[in-house]
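Hello,

Here is the structure I promised to pass on to you. Please have a look at it first, and then read my notes below.

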Amino acid sequence: MSATTANPIPHNLVAEKSVLGAVLLDEQHLHALLVDEQLRPDHFYLREHGAVFEAMLELYEADQKIDHLTVAEQLRENNRLDEIGGADVVEELVAWVPATGHARD
(Lines give C-alpha, C1' and ligand atoms only; values in the text may rest on other atoms or scores of the structure.)
Protein backbone atom coordinates (compact mmCIF):
# COMPACT_ATOMS: atom_id res chain seq x y z
CA MET A 1 0.00 0.00 0.00
CA SER A 2 1.46 3.37 -0.93
CA ALA A 3 1.75 6.27 1.47
CA THR A 4 -1.01 8.13 -0.37
CA THR A 5 -3.52 5.32 0.13
CA ALA A 6 -2.50 4.25 3.65
CA ASN A 7 -5.01 4.78 6.44
CA PRO A 8 -4.25 7.89 8.46
CA ILE A 9 -3.38 7.64 12.14
CA PRO A 10 -6.57 8.06 14.20
CA HIS A 11 -6.80 11.56 15.58
CA ASN A 12 -9.24 14.16 16.84
CA LEU A 13 -8.04 17.71 16.26
CA VAL A 14 -10.98 19.23 18.13
CA ALA A 15 -10.07 17.16 21.20
CA GLU A 16 -6.43 18.25 20.91
CA LYS A 17 -7.44 21.90 20.73
CA SER A 18 -9.86 21.48 23.62
CA VAL A 19 -7.23 19.90 25.87
CA LEU A 20 -4.73 22.65 25.14
CA GLY A 21 -7.36 25.34 25.57
CA ALA A 22 -8.52 23.89 28.89
CA VAL A 23 -4.97 24.03 30.25
CA LEU A 24 -4.59 27.61 29.02
CA LEU A 25 -7.79 28.57 30.86
CA ASP A 26 -6.99 26.61 34.01
CA GLU A 27 -3.46 25.29 34.40
CA GLN A 28 -4.56 22.96 37.21
CA HIS A 29 -5.71 20.50 34.52
CA LEU A 30 -2.15 19.89 33.39
CA HIS A 31 -1.18 17.84 36.44
CA ALA A 32 -4.00 15.33 35.92
CA LEU A 33 -3.23 15.10 32.21
CA LEU A 34 0.40 14.33 33.00
CA VAL A 35 -0.10 11.95 35.91
CA ASP A 36 -3.42 10.22 35.26
CA GLU A 37 -3.48 10.29 31.47
CA GLN A 38 0.33 10.31 30.95
CA LEU A 39 -0.13 12.76 28.09
CA ARG A 40 3.07 13.75 26.29
CA PRO A 41 3.87 16.13 23.41
CA ASP A 42 4.35 13.27 20.96
CA HIS A 43 0.79 12.06 21.63
CA PHE A 44 -0.55 15.01 19.63
CA TYR A 45 -1.26 14.38 15.97
CA LEU A 46 -0.37 17.92 14.91
CA ARG A 47 3.25 18.86 15.47
CA GLU A 48 2.08 22.39 16.34
CA HIS A 49 -0.12 21.09 19.15
CA GLY A 50 2.75 19.03 20.49
CA ALA A 51 4.95 22.14 20.50
CA VAL A 52 2.33 24.06 22.49
CA PHE A 53 2.03 21.20 24.99
CA GLU A 54 5.82 21.01 25.27
CA ALA A 55 5.94 24.73 26.10
CA MET A 56 3.30 24.11 28.78
CA LEU A 57 5.43 21.32 30.24
CA GLU A 58 8.50 23.55 30.36
CA LEU A 59 6.55 26.21 32.24
CA TYR A 60 5.06 23.58 34.57
CA GLU A 61 8.48 22.12 35.36
CA ALA A 62 9.83 25.63 36.06
CA ASP A 63 6.83 26.28 38.36
CA GLN A 64 5.70 29.21 36.22
CA LYS A 65 2.19 30.34 35.35
CA ILE A 66 0.62 28.74 32.28
CA ASP A 67 -1.66 30.89 30.16
CA HIS A 68 -1.84 32.10 26.56
CA LEU A 69 0.72 34.85 27.19
CA THR A 70 3.32 32.74 28.98
CA VAL A 71 2.98 29.84 26.54
CA ALA A 72 3.40 32.17 23.56
CA GLU A 73 6.46 33.72 25.21
CA GLN A 74 7.94 30.27 25.93
CA LEU A 75 7.44 29.30 22.30
CA ARG A 76 9.06 32.59 21.23
CA GLU A 77 12.06 31.95 23.50
CA ASN A 78 12.42 28.48 21.97
CA ASN A 79 12.18 29.91 18.43
CA ARG A 80 9.00 27.88 17.83
CA LEU A 81 6.28 30.55 17.84
CA ASP A 82 6.39 31.04 14.07
CA GLU A 83 6.43 27.25 13.61
CA ILE A 84 3.00 26.95 15.21
CA GLY A 85 1.55 29.94 13.36
CA GLY A 86 2.12 32.76 15.85
CA ALA A 87 0.66 34.01 19.12
CA ASP A 88 -2.84 34.20 17.60
CA VAL A 89 -2.90 30.41 17.32
CA VAL A 90 -2.27 30.07 21.06
CA GLU A 91 -5.05 32.56 21.81
CA GLU A 92 -7.46 30.73 19.48
CA LEU A 93 -7.00 27.50 21.47
CA VAL A 94 -8.80 29.08 24.41
CA ALA A 95 -11.91 29.56 22.26
CA TRP A 96 -12.18 25.79 21.63
CA VAL A 97 -13.12 25.02 25.21
CA PRO A 98 -16.82 24.85 26.07
CA ALA A 99 -16.02 23.92 29.71
CA THR A 100 -12.64 23.31 31.33
CA GLY A 101 -13.99 20.57 33.60
CA HIS A 102 -13.80 17.98 30.80
CA ALA A 103 -10.10 18.35 29.92
CA ARG A 104 -9.28 14.73 30.77
CA ASP A 105 -12.18 13.42 28.69
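**The opening helix and what surrounds it**

Helix α1 covers residues 13–25, and its 13 residues reach 18 Å from the first C-alpha to the last, close to the 18 Å expected at 1.5 Å a residue. The expected span is 1.5 Å times one less than the number of residues in the helix. Helices here are DSSP runs of H or I with at least four residues, strands are runs of E with at least two, and both are numbered from the N terminus.

Before going further, please keep in mind that this is a predicted model: local features need pLDDT of at least 70 and side-chain atom pairs count only at pLDDT 80 or more, while totals for chains, interfaces and linings use all residues. Residues are numbered from 1 along each chain as its sequence is written, and side-chain values use heavy atoms, with hydrogens and water left out.

Several residues of α1 are buried, among them Val19, Leu20 and Val23. Buried means under 20% relative accessible area, exposed means over 50%, and partly exposed is in between, with a 1.4 Å probe and protein chains only. The buried residues of α1 pack against α2 (28–35), α3, α4 and α6 (87–94).

**The chain as a whole**

The chain has six helices and zero strands, so you will see the order α-α-α-α-α-α from the N terminus on. Of its 105 residues, 34% are buried. Among contacts with a separation of 6 or more, 60% join residues 24 or more positions apart; a contact means heavy atoms within 4.5 Å.

**Where α3 and α4 cross**

The axes of α3 and α4 come within 9 Å and cross at roughly 100 degrees. That makes α3 roughly perpendicular to α4. The axes are lines fitted to C-alpha atoms, for helices over the stretch in contact, and the angles run from 0 to 180 degrees between N-to-C directions. Angles of 65 to 115 degrees count as roughly perpendicular, under 35 as roughly parallel, over 145 as roughly antiparallel, and the rest as oblique.

The residues that meet include Ala55, Glu58 and Leu59 in α3 and Thr70, Gln74 and Leu75 in α4. Gln74 lies in α4 and counts as buried because its relative accessibility is 14%. Leaving aside neighbours within four places in sequence, Gln74 is in contact with Ala55, Glu58 and Leu59.

Ile84 sits in helix α5 and is buried, with a relative accessible area of 6%. Its C-alpha atom is 7.4 Å from that of Ala51, 33 residues apart along the chain. Not counting residues up to four places away in sequence, Ile84 touches Glu48, Ala51, Val52, Leu75, Val89 and Val90.

The structure holds one aromatic pair. The ring centres of Phe44 and Phe53 are 5.2 Å apart and the planes are at 40 degrees, so the pair is tilted. Rings of Phe, Tyr and Trp (its six-membered ring) pair if their centres lie within 6.5 Å; planes under 30 degrees apart count as stacked, over 60 as edge-to-face and the rest as tilted. Both Phe44 and Phe53 are buried.

**Two loop residues**

Most residues other than glycine have a negative phi. Asp63, in the loop between α3 (47–61) and α4 (68–77), has a positive phi of about 55 degrees and is exposed at 71% relative accessibility.

Best wishes
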